[in-house]
Each structure stands twice: as C-alpha cells, then as structure tokens.
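Colleague: Before I ask about helix packing, please bring up the model with its sequence.

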Amino acid sequence: MTSALSTRASRRSVRKFLEPAAIAEAVAIEEAIVLPGYRALGTNPAVFGLTNHDFHQVGEAWRRHRAIVERLRRMYSDAVAAELSATPRREAAAAPGAVGRSGQAPFAGAWPQPVRAYRSMQTRQGAQASAESKVIAAVGFLLVAMHAVTDPTNCGTSSPSLNLVPPSLHRDRALLEDVLSRAVESFDAARRSVLLAAIGEAGESFEPYVPGPGSKLWVIRYNPHSLRTACRTIGLGDIEARSAS
C-alpha cells in the first residue's frame with residue numbers, strides 16, 4: 001500500500017515542461033495561419049456578413065493572439081536558456097543566434113506541416129483563384145487551427161514554461177461558430193465548396209497532432225471530434241475530419 005502511494009506521489013511530482021521545439025511550432029502556426037485567418041475575416045466583412053459587433057470581436061481576437069505570440073516568443077527564449085544552462089554541452093553545439101532579439105523561434109525552412117499545407121494551397125490557387133476564394137480558404141484553415149491550437153500562456157502556473165495541459169481556445173471557437181453559422185447560411189455552392197475543401201486539407205495537415213497515450217507535451221493538440229461538432233453547428237453537415245485514430 002505504502003509503495004503504491006509513494007509511486008503515485010512520485011508521478012505527481014514529475015513536472016513536464018514545454019520544449020523549445022513545441023513552442024516554436026506554436027509560434028509558426030499562430031503567425032502563418034491564425035493571425036492571417038483573423039486578418040482575412042476582419043478585412044472582408046462583406047464576404048462573411050459581419051456585423052459591427054462581429055467586427056469588434058474579430059479585432060479583439062486578433063489582438064489577443066498577437067499578444068499570445070509575443071509571450072510564446074519569450075517562453076521560447078526562456079526554454080532555450082534553461083536547456084543550455086541545464087546541459088552545458090549543448091551550448092557549444094548550439095547555433096549562434098538561435099534566438100533573435102525578438103525571441104522568435106527559428107525554423108530554417110522546416111515549417112510545421114499545417115503551415116506548409118496552407119502555403120501550398122494558396123500557391124496552387126495562384127492567380128486563377130479569386131481574392132474571395134483565398135479569403136474563405138484562410139478562414140477555413142483558421143477554423144481547424146482553433147481545434148488544434150492551445151494557449152500555454154493562460155495556464156496560471158508559477159513558471160511560464162510549465163504546462164501540464166494547455167487549455168483549448170473555447171472563446172475563439174465560439175466566435176467562429178457564431179460568425180460562420182450565419183455566413184454559411186448565405187453562401188452559394190461555390191463558396192461552400194471552397195470552405196469545405198480548405199477545412200478538409202487543413203484537417204489532414206493537423207492529423208499527426210492528435211495526442212496519443214503517453215504522447216509528449218505539445219502546444220498543438222488537434223481535436224477532430226470537436227471540429228466535427230463545430231462544422232455541424234455551422235451548417236456544413238458531417239464532414240470527414242481527419243483523425244489518427
């Protein structure tokens with residue numbers, strides 16, 4: 001009995017910290033998908049039928065995520081510094097200038113799969129696609145990202161790097177469901193097709209981020225089940241949200 005209690009206590013005392021790679025990945029997705037998605041939504045109110053209240057809420061969401069990015073950059077710098085101080089041998093191997101003045105995470109071209117998928121989609125559309133289609137596709141990727149991105153800056157812990165389970169972005173999900181449920185109702189077949197295609201492609205790119213048993217601690221935790229529910233709420237029906245399970 002005592003042994004079992006000691007084992008459980010030992011497990012509870014083990015702290016999990018976000019590694020620099022996990023933070024860097026979150027920065028990339030926030031900057032390449034989330035912020036552009038909200039910008040596309042806010043700068044094209046007519047496409048989505050935004051009310052003045054919607055417009056204000058979208059602007060607030062953009063500013064909130066801009067602040068999240070800045071905090072993630074600081075967390076990245078702190079995490080790298082902690083790793084180097086804990087393991088001196090890594091300091092010699094670390095590339096000079098790994099963390100810039102802004103604390104922005106380096107990638108050297110190795111962008112996360114969702115970012116590559118988003119950029120590939122925009123490139124494939126090229127000049128043949130209308131500006132409206134690109135905007136709708138950007139918002140489709142944003143919707144999926146909101147069912148994958150978590151907020152490690154809102155964990156209420158003593159350390160900005162400590163995150164047992166970063167919370168989901170429920171406020172963003174609710175906003176997008178409210179806005180898109182009215183937008184989809186007015187969409188014609190062509191607009192719905194663009195939105196569905198973007199959601200499908202984004203879902204496939206986030207598929208590897210479904211947390212599994214014993215998975216490492218990551219900021220990106222894709223929940224295809226909540227995405228399916230959101231799409232039904234919006235009026236898109238039962239979409240095929242990709243899942244590793």
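Colleague: At what angle do α2 and α7 pack?
Modeller: This is a predicted model: local features need pLDDT of at least 70, side-chain atom pairs count only at pLDDT 80 or more, and totals for chains, interfaces and linings use all residues. Residues are numbered from 1 along each chain as its sequence is written, and side-chain values use heavy atoms, with hydrogens and water left out. Axes are lines fitted to C-alpha atoms, for helices over the stretch in contact, with angles from 0 to 180 degrees between N-to-C directions. The axes of α2 and α7 are 8 Å apart, and the angle is about 130°.

Colleague: Is α2 oblique or roughly parallel to α7?
Modeller: Angles under 35 degrees count as roughly parallel, over 145 as roughly antiparallel, 65 to 115 as roughly perpendicular and the rest as oblique. The angle here is about 130°. Relative to α7, α2 is therefore oblique.

Colleague: Is the crossing of α2 and α7 left-handed or right-handed?
Modeller: A crossing is left-handed if the near helix is turned anticlockwise from the far one by less than a right angle, and right-handed if clockwise. For α2 and α7 the crossing is left-handed.

Colleague: How many polar residues are in the contact of α2 with α7?
Modeller: Contact means heavy atoms within 4.5 Å, and α2 brings Ile33, Val34, Gly37, Tyr38, Ala40 and Leu41 to meet Val135, Ala138, Val139, Phe141, Leu142 and Ala145 of α7. Ala, Val, Leu, Ile, Met, Phe, Trp, Tyr, Cys and Pro count as nonpolar, Asp, Glu, Lys and Arg as charged, and the others, Gly among them, as polar. The contact has eleven nonpolar residues, no charged ones, and polar residues numbering one.

Colleague: What are the angle and handedness for α7 and α9?
Modeller: The axes of α7 and α9 are 8 Å apart, at an angle of about 40°. The two helices are therefore oblique to each other. With that angle of about 40°, the crossing is right-handed.

Colleague: How many charged residues does the contact of α7 with α9 have?
Modeller: The α7 side includes Glu132, Phe141 and Ala145, and the α9 side includes Arg191, Glu201, Ile199 and Phe206. The residues of this contact divide into twelve nonpolar, four polar and, for charged, three.

Colleague: How many helices does the chain have?
Modeller: Helices (H or I, at least four residues) and strands (E, at least two) are DSSP runs, numbered from the N terminus. The chain has zero strands, and its helices come to ten.

Colleague: What share of the chain counts as buried?
Modeller: Buried means under 20% relative accessible area, exposed over 50%, and partly exposed in between, with a 1.4 Å probe and protein chains only. Of 245 residues, the buried share is 43%.

Colleague: Is Met146 buried or exposed?
Modeller: Met146 sits in the loop between α7 and α8. Leaving out residues up to four places away in sequence, Met146 touches Val34, Tyr38, His65, Leu169, Asp172, Arg173 and Leu176. At 0% relative accessibility, Met146 counts as buried.

Colleague: Which residues does Gln122 touch beyond four places in sequence?
Modeller: Gln122 belongs to helix α6. At 17% relative accessibility, Gln122 counts as buried. Outside four places in sequence, Gln122 touches Lys134 and Ala138.

Colleague: How far apart are the C-alpha atoms of Ala230 and Ser181?
Modeller: Ala230 lies in helix α10 and is buried, at 0% relative accessible area. Beyond four places in sequence, Ala230 is in contact with His147 and Glu177. Ala230 and Ser181 are 49 residues apart along the chain, and their C-alpha atoms are separated by 9.4 Å.

Colleague: Is Asp238 buried or exposed?
Modeller: Asp238 lies in the segment after α10. Its C-alpha atom is 6.6 Å from that of Arg228, ten residues away along the chain. At 64% relative accessibility, Asp238 counts as exposed.
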